[in-house]
Amino acid sequence: MNRDGVVLISGGSRGLGLAIATSLLNHGHKVATFSRRSGDAVERLKDKYEKSFSFFEGDMSDQASLSEVVKRVEKDCGPIEALINNAGIAIDGVLATMQPTQIEQLIAVNLTGSLQLTRLAVRQMIVRSRGSIINISSIIGLRGYAGLAAYSATKAGLDGMTRGLARELGPRNIRVNSIAPGYLETEMTHGLGDTQRNQIVRRTPLGRLGTPDDVVGSIHFLLSPAAGFITGQILTIDGGITC
């Protein structure tokens, strides 16, 4: 990708999003990210990468907020060369007993928010006839898991978005791919009990949970010229648990 442009990452204040932002900055990319609130790690990045890192407050479930974020990024940081749809929430529970508001929240953040953010960010990519979009989905969207039907639906929706947009935007020289991580050592898995964690580790051929760093390398690859003929694909990074 063109290093004069910016990589926009949703949900880059913690977890996988923060790891992606940090690694891209370390490799000389200009990065912008947003979430509902900042944090100590974001403030450290702002101090260290004053000229190449920007943080904005924004809400994935609010279309007006997303529109404002994209406008500010394009005005303050430059053209969006790549978009990484990373922001997401996980709410577990048997579907029959979940609250309707919980289902609505999952869809609003994980799926609708990513669609709306992409709709806004891709416009200038189309004008410039170049760009890359990476959707962070999940192996849960590929295989499913008891108690995560609603979450699984949102992540499967992201993969469908990837395939459809790859065909839609390919003629404009814009590539669209998904990364489907397995179980990572992030805030989203800290709620697992020891029994659940041990079961996952036993089922994983590589014998451990993943880390954000296990995913970051694939981001660099998909943004690089080496992936210039790759679009519409779902790259699974799960230690072999779905093989």
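1. By the ring-pairing rule, the count here comes to one aromatic pair. Rings of Phe, Tyr and Trp (its six-membered ring) pair if their centres lie within 6.5 Å; planes under 30 degrees apart are stacked, over 60 edge-to-face, and the rest tilted. With centres 6.2 Å apart and planes at 70°, Tyr 145 and Tyr 183 are therefore edge-to-face.

2. A quick word on the basis: this is a predicted model, where local features need pLDDT of at least 70, side-chain atom pairs count only at pLDDT 80 or more, and totals for chains, interfaces and linings use all residues. Residues are numbered from 1 along each chain as its sequence is written, and side-chain values use heavy atoms, leaving out hydrogens and water.

3. Are the two Tyr residues buried or exposed? Tyr 183 counts as buried at 15% relative accessibility, while Tyr 145 is partly exposed at 30%. (Buried is under 20% relative accessible area, exposed over 50%, partly exposed in between, with a 1.4 Å probe and protein chains only.)

4. Now look at strand β4 (residues 80-85): six of its six residues are buried. Helices (H or I, at least four residues) and strands (E, at least two) are DSSP runs, numbered from the N terminus.

5. Which strands pair with β4? Strand β1 (residues 6-10) does, in the parallel sense over four bridges, with Ile 9 partnering Ile 84. Strand β5 (residues 131-136) also pairs with β4, parallel over four bridges, and Leu 83 stands opposite Ile 133. Pairing takes at least two DSSP bridges between two strands.
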